[in-house]
Amino acid sequence: MPAAEFQAVQVDYAAVAPMLIVAAGALVGVLVEAFAPRRSRHRIQVWLTTLTLLAAFVVLLLWSRESMTVTLGGSVVVDGVSLFLMGALLVLSALAVLVMAERFGGVGADAFTPMGSSTPGSAQEDTATRAGYATSEVFPLTLFAVLGMMVFVTANDLITMFVGLEVLSLPLYVMTGLARRRRLLSQEAALKYFLLGGFSSAFFLFGAALLYGYAGSGDLEAISTAISTASGDLDGLLVPGVVLTMVGLLFKIGAVPFHSWTPDVYQGAPTPVTGFMAACTKIAAFGALLRLAYVGVGANRWDWEMGLVVVAALTMVVGAVLSVTQTDVKRLLAYSSIAHAGFILVGVLAFSQAGIGGVLFYLVAYGFMTVAAFGIVAMVRQGGSEASHLSQWAGLGRRHPVVAGTFAFLLLAFAGIPLTSGFTAKYAAFAPAVASGTTGTVLVVIGVLASAVTAFVYIRLIVLMYFTDPTGDDVVALVPSIPSTVAITVGVLVTVVAGIIPGLALDLASSASEFLL
Amino acid sequence: MNAVPLLTLMVVVPLLGAIVVAVLPGNTARLAKPIALGASLVTLVLAVLAVASFDTGSTEQFQLAEVRPWIPQFGVSYALGVDGIALALIVMAAILTPVCLLAAWNDVTEEGSGREKRYFALLLVLEAFMVGVFAATDVFLFYVFFEAMLIPVYFLIGMFGGPRRQYAAVKFLLFSLVGGLVMLVAVIGVFVAGPGGGDGFLVENLTGNLDASTGALRWMFVGFFVAFAIKAPMWPVHTWLPDAATESRPAVAVLLVGVLDKVGTYGMIRFCLQLFPEASQWATPVVITLAVISVVYGALLAIGQTDMMRLIAFTSISHFGFIVLGIFALTSVGGAGSSLYMVNHGFSTAGLFLLAGFLVARRGSKRIPDYGGWQRVTPVLAGTFLVVGLSSLALPGLSSFVSEFLVLQGAFMRYRVAAVIAAAGIILAPLYILLMYQRLMTGPKPTFGEAEAPRDLSLRERVVVAPLIASFLLLGFFPKPVLDLVNPAVERTLQFVGVSDPTPALASGSDQ
């Protein structure tokens, strides 16, 4: 192909303004790290991050919504789906930041180590603690991750998608390793996440290269056109390309058999970061998967659909069954998030507009639940460290009825009991699947049986909190500060409202369920 | 038509009562129980008003109807309405709730006012959901109530039950959840096969309007039926009931077995028969067989029990067998008998559970061998127990006899062998009831050692039992009001199924 003459790309600034704001906020955050005095850094960073996210959200509502378009030379598309997902990402990450900001009366954010580079248990760590160090750089890192997620869901070609994938992943690798307590576990999780994440990125990149070879372009639309018009010479590249790119995305989603990082990382990462990852990474990855599957390679879905069906079924079954044997709250929620990923995949596999709407709704509903749930997990302590072992939760309902009650409600929502958003979401994802035919119906049957298994797990936890006698006296739920209280309250309220009167959110999700080609 | 949304009020009043009871501050906690009772009595008054404004000659299937869009995106409406069967069951629930609240008056008094408030609040929440589930005329709304109902019951068993309460509560929840989730697939399937649109889940829009292959419709039928069979409960998915019944408080057991389980049999009439006529007829041989097995199996196991509560639970399994037999006989006599039986069984099981509960409260044991000769100590308790037991074994003149007779007559018209075998259940019933009475009440006067001899029924307890016994006599000698209420609904259901009675000359006997 001859080199084209250079042309400056057209940028629709209104459309991409939210991303620019987040990027600017992140850069300012780095400057704050460098120049602001240590005492006020935490406060400044929290305000800066939250306001950045909210400003981006407001701009998204006011301007970007008006200018849905393909911009930046076709590499970024701002359409209903990506606007909805960006909005969801901004709101949920703002809530997650509020949870991260929890200090419980300490100097810096409570969940994060004072000094990430110090050896765990060393004198240097003690010194850092005494000197009042704090890793307030997690806030700009969060903003970078959010930026990557926004790029990921708006990417219209495979290279942009890859850039988004890396921008969102790298900060998360770092943040995973910054836990204040059980630091070795945290660092191990970070390393695992980094190595496996690196592999999956490589898979994605290789798949993207094959697809480029097939279509002569990384543009999703061009790939789609190539599939329907191609002569057949390079057909051998298509299916491997699709499979490899999907492997990369399914890794981020946490689908079986690419899930093995999920429990370790969820357990090792600082709890608020786990909440952030569970809610936002899932949204971003599913956004990219939707676009790839529907816009890019949908035309030859007969070739790969069965594979994805098997992955969805495995994800639901393995996620549900393995959650039964967990003894750690965070690992339990990790396996539950795997099972939920399977439920969402069922909606993706409906291959209909209603399916997209269902997936969008599910992602948001799950995001709000999970941010609030991890916010609560972070509050329950024994002897200063997080009481994440299930036995430590025994009898929590007696001593902390409000905390346990809220958590029990969220668990019921995870289980998909009616009158919670979990049920509405499950219905929204499953109904299009049943409508799509026999395969979808079989998946839904597997899905409801898996739901019953996960429900058993959640109920067991409720039993533990309410009906079991406490084992030790020193398990307490710390009193949260205003920011994380706000975050948890919003999460719970959305879960209630979207369960009882989901009309508005469903309208939003279904009106946003059209891709702009 | 009525401008006042009576059915909604009957859901809202107990819910409001529950909220008030739950949030009462500590120093006014003693008001909790009167408020709870008051809320349930107001609901009862509303139920009476609903009966008064119900027109048995109406051509509409559902009366007192309220339809508002709820989630139009899913085709879901907030739609309530009753036919005769639903109304009869709602009235039964509205009568049983205050009775149970009164019976449960001192259940948890010693455990602190906080727990007491929660107990009564949960009972009221349960009442609200019970009314809702019977009144829902939208399949999705029905499903929501059906599942949401599990939560208060789960907590009532798990927090306030006996020593193995956790096991029983989890078992109950898992059985129900599995059934419910399987039903969810069928619920989605019904919508997909139905006309769709913003009110595509309304029963009246779905009836006779399902566009799917015979095979698909049969699968959907199975989805619904499994959920209802677990709820009812029928053999072989009954095993949760004895555990749940024996581990819960008597009042909770009454609402669980007497009212909640009726959702299963009611659902068979409303959804299985009405929505899937062809599949219902296809499944009838299997269902009838299961029903007959339930009748005999429940009765035989009841005879062998030494735990009073388990015994009563097994009698219920037997009785539910009769109810299902009557429903799937697909005759108007059988249907009317089943509908009446649902009401009668509610009252007679309530009597058995509550009186057994009074006994347990005096002696502190559920084991039958721990008793004996109590008619000499507590004559009124023994006497009422005998009456309730006789009603349960279907003595002529007491209510269950009428319904059991109708069920067998209706079944005999179509399935002679099944009816004959089921009749064995009637012969076994005296065995388990009278044996229990004999072991509990007759024999030499028991000695209580140092302890004071137990007192006979208190005034509160008599007030609890009186309406139940009155209902046995009333419905035993004069079942016409209830039959008049349910007959149009039964006939309409049979029209939907598209069957008529094989020998009409016999069928007319039931209307006399």
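Visitor: Where in chain B is B:S365 placed?

Guide: In this predicted model, B:S365 sits in the loop that runs between α15 (332–363) and α16 (379–392) of chain B.

Visitor: Is B:S365 buried or exposed?

Guide: One reads this from the relative accessible area, and a residue counts as buried when that value is under 20%. B:S365 has a relative accessible area of 11%, so B:S365 is buried.

Visitor: Which side chain does the side chain of B:S365 meet in a polar contact?

Guide: The partner is the side chain of B:D370, at 2.5 Å. Leaving aside neighbours within four places in sequence, B:S365 is in contact with B:M308, B:V360, B:D370 and B:Y371.

Visitor: How should I read A:R291, and in which helix does A:R291 lie?

Guide: The steps are the ones used above: place, accessibility, then partners. A:R291 belongs to helix α11 (residues 271–296) of chain A. Its relative accessibility is 1%, and therefore A:R291 counts as buried. The side chain of A:R291 reaches the backbone oxygen of A:V153 at 3.3 Å. Not counting residues up to four places away in sequence, A:R291 also touches several others, among them A:D79, A:N156, A:L220 and A:F515.

Visitor: Let us turn to the backbone. Which residues are joined by a cis peptide bond in chain A?

Guide: The angle to inspect is omega. A cis peptide bond joins A:V256 and A:P257, with omega about 5°. A:P257 is in the loop between α9 (235–253) and α10 (261–268) of chain A. In chain B, a cis peptide bond joins B:A232 and B:P233, and omega there is about -15°. B:P233 is found in the loop between α9 (214–231) and α10 (240–247) of chain B.

Visitor: How many salt bridges does the structure hold over all chains?

Guide: There are 16 salt bridges over all chains. In one of them, the side chains of A:R181 and A:D110 meet at 3.0 Å, N to O. This pair links distant parts of the chain, 71 residues apart: A:R181 is in the loop between α6 and α7 of chain A, and A:D110 is in the loop between α3 (80–100) and α4 (123–130) of chain A. A:R181 is partly exposed, with a relative accessible area of 22%, whereas A:D110 is buried at 9%.

Visitor: What is the corresponding reading for B:K33 and B:E116?

Guide: B:K33 and B:E116 form a salt bridge whose closest N and O atoms are 3.0 Å apart. B:K33 lies in helix α2 (residues 32–52) of chain B and B:E116 in helix α4 (residues 113–135) of chain B, so parts 83 residues apart in sequence are tied together. B:K33 is buried, at 12% relative accessible area, and B:E116 is buried, at 10%. In chain A, salt bridges that share partners join A:E188, A:K192, A:D264 and A:R331 into one network.

Visitor: How many residues does each chain give to the contact?

Guide: Chain A gives 34 residues and chain B gives 29. The area buried between them is about 2,700 Å², and carbon and sulfur atoms give 85% of that area. In chain A, A:F423, A:Y427 and A:F467 lose the most area to chain B, together 26% of what that side buries. Between the two chains there are zero salt bridges and three residue pairs in polar contact.

Visitor: Where is confidence lowest in chain B?

Guide: Helix α21 (residues 504–507) of chain B is lowest, with a mean pLDDT of 49. Where pLDDT is low, the predicted coordinates should not be read in detail. Chain B as a whole averages a pLDDT of 84.

Conventions. Residues numbered from 1 in each chain as written. Chains lettered and ligands numbered in written order. Predicted model: local features only at pLDDT ≥ 70, side-chain atom pairs only at ≥ 80, totals over all residues. Heavy atoms only, no water. Contact = heavy atoms within 4.5 Å. Buried area = accessible area lost by both parts, 1.4 Å probe. Salt bridge = Lys/Arg side-chain N within 4 Å of Asp/Glu carboxyl O. Polar contact = N/O pair within 3.5 Å; in protein donor to acceptor, adjacent residues only side chain to side chain. pLDDT = per-residue confidence, 0-100. Helix = DSSP H or I, 4+ residues; strand = E, 2+ residues; numbered from the N terminus. Buried < 20%, exposed > 50% of the residue type's maximum accessible area, 1.4 Å probe, protein only.
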